[in-house]
Each structure stands twice: as structure tokens, then as C-alpha cells.
Amino acid sequence: MPAIHARRCALDVIALGLLLALVTPGWAAKAAAEYRGRIIDAHAHLPARHAIDTYVEAMKRHNVAKVVLLGVGSAQRHDAAWIAAAARKHPSRVIPGLPLPHPTTQQAADQVAAGLAKRGARVVGEVHIRHVRRRIERDPSDGPFTRVLEVTGRRGVPVVIHDDLNARATGALESALAARPDATVILAHAGGAPPAVIDRLLGAHPNLLVDLSGMHFQRRPALATETGPIDPAWKAVIEKAPDRFLMGLDVSTPRLFEPAMLDRLMKWTRRILGELKPDVAERVAYRNAARLFHAE
Ligand SMILES: [Zn+2]
């Protein structure tokens, strides 16, 4: 074969390959490069006082700039002390949250006001509204919790809630959001709800944000398996409202704090972010959290 013809054939093969790649379903998932920009983990917990050191080492390995540390409802007595100690030891990396273990008691709003004044927390939570596994069922639209939202709204501090959404819980959440439009609420783990429900809630309530923490391959519902593509319905909802989503790992147990597991979770997170449009990925991974938690 003459050299020039061979070269033309080779070019044709490359062109055909590119064409096939473009029209073959699943190609985008395989070929999308992982997100390489900045990340704020917007939702994490400590299972022990010194666990933060293990986490910070993983942050350095994976270029995660900051982590938001939250309490785990009323499940751990020492959350506030552990978060404060972590923020003192790693001030440039830790964004401290103010735990609120009993959000619907009459004292809750006063506790939040006092806690915010004292601790310099930049977010309140994680507040358990409806938590099926822990058998917690609270009404966010009753007096005590809307007074909490009044305090946080006035101070411009967002509240992270765990709310396993069913029809009743969704209605109660919507009442609370409508009652305190100045308060910002972050729905953790997307409320365990389908993307269509989240799409509707975001359209109806400008004071709602959604964190995608804990929607990784170790849990259900997940955005994706460990190696598979992002659920296209989730991708569409996120890209439709790119300023309304945050990313996080929701690490909480000693098993998730093992370095090899942290590596897998952080690698997965970068891969999933890489499947979003680049400007959307940067907002979800970093800019939305930086704005919300004053972390620039
Ligand atoms: Zn959590």
C-alpha cells in the first residue's frame, strides 16, 4: 500500500472511531474526565475526637479544600466539643457547624441564638426532622422549629436538616419554608426523594438547597454505583439548578474513616462531578458552599 494511502486509511479509522464514540451510548460516562477543581465537603461528621486528623490527611491527598462538620442529631453527646476541637486544630480546613440535638423543644431557638453567638458556627445541624432509621418524626412547621428558622434567617446562617421525605413530611417542610422565606434550609441527602420531587421543591422554594451527601455507592438512593455513570435524571435536575446543590461525603462511622475507604469515596466524588458540565461541577463542588458558608 502506498504510504500516502496508508496514512489516509489511518485517518479514516481515527475519524470513524471518533464518530462511533460520539454516537455510542455510555461513551460520555466512560470518557468524562474527573473533576479536578476545588472541593468543599459540605456535610461530614466525626465518629471520635481525633478522627479529623485522618480526614485531613485524605483531604490533602485529594485536594479537598474544606469540610463542614455537623452534629449527628442527638446520637453523639460530644459532637459540639469534637467539632470545636477540630476547628481549633485545623482552622483553615474546618467549617464548624452548631449541633441542635433537640430542635422542637421550646428552648431550641434560644439555644441556637446563644450557640451562634458563642461558637462562631457558620451552619446549624444536622437537625433530624424525619429520620426513619432512628424512628424520629418531628414537625418542622410547628412553633419551636419555625422560631429556630427565624433566628438563623436573621443571622444569615443556613440549617442542614435530615428529612426522609414522604408526602406528609414534604408538606410540613413546604409549610416551614414558606413561613420563613428569609431562612435558608439545606436538605441533606436530597431527602431520600426522587429527582422529580427535588426539582419541584427547588422550583417552589427559593430558600431551599439540597446536599448530595451520602448518595454514594455505599448507600441508597445513590447517584451512581462505584464505577457506573451518574443517574441521568439526577444529572438533569442538578444541571437545571446549578446554584442549589452542594456535594458532601456524609462520613460518620469509623469504617468510612478508613483511609482506603476515604480514597474510594473521594475518587468517586471527583468522577461523578466530572460527569456534570464543568461550570456546574465547580458550583456544586465548591462555589455554592463557599458562598453559603462565607468560606472564600
Ligand atoms: Zn449527615
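**Notebook: salt bridges, rings and core**

I looked up Arg264 and Glu226 and found their side chains meeting in a salt bridge, 2.8 Å from N to O. The term asks for a side-chain nitrogen of Lys or Arg within 4 Å of a carboxyl oxygen of Asp or Glu. Arg264 sits in helix 10, Glu226 in the loop between strand 8 and helix 9, and 38 residues separate them. Helices (H or I, at least four residues) and strands (E, at least two) are DSSP runs, numbered from the N terminus.

I noted that this is a predicted model: local features need pLDDT of at least 70, side-chain atom pairs count only at pLDDT 80 or more, and totals for chains, interfaces and linings use all residues. Residues are numbered from 1 along each chain as its sequence is written, and side-chain values use heavy atoms, with hydrogens and water left out.

How many salt bridges does a search of the whole structure find? It finds 19. I checked Glu34 and Arg36, whose closest N and O atoms are 3.3 Å apart. Is Arg36 buried or exposed? Arg36 is exposed, at 67% relative accessible area. Glu34 is partly exposed, at 32%. Here buried means under 20% relative accessible area, exposed over 50%, and partly exposed in between (1.4 Å probe, protein chains only).

Next I took Arg180 and Asp182, which form a salt bridge at 3.9 Å, N to O. Arg180 is partly exposed at 23%, and Asp182 is partly exposed at 45%.

**Aromatic pairs**

I count two aromatic pairs. Rings of Phe, Tyr and Trp (its six-membered ring) pair if their centres lie within 6.5 Å; planes under 30 degrees apart are stacked, over 60 edge-to-face, the rest tilted.

Tyr55 and Phe257 make a tilted pair, with 5.8 Å between centres and 55 degrees between planes. Tyr55 is in helix 3, Phe257 in the loop between strand 9 and helix 10, 202 residues apart. Both Tyr55 and Phe257 are buried.

Phe217 and Trp268 pair edge-to-face, at 6.2 Å and 65 degrees. Phe217 lies in the loop between strand 8 and helix 9 and Trp268 in helix 10, so the pair ties together parts 51 residues apart in sequence. Phe217 and Trp268 are both buried.

**Core**

Which residues touch the most other members of the largest nonpolar core? Tyr55, Ile198, Phe245 and Phe293 do, out of 95 residues. Such a core is a set of buried Ala, Val, Leu, Ile, Met, Phe, Trp, Tyr and Cys residues joined through side-chain atoms within 4.5 Å.
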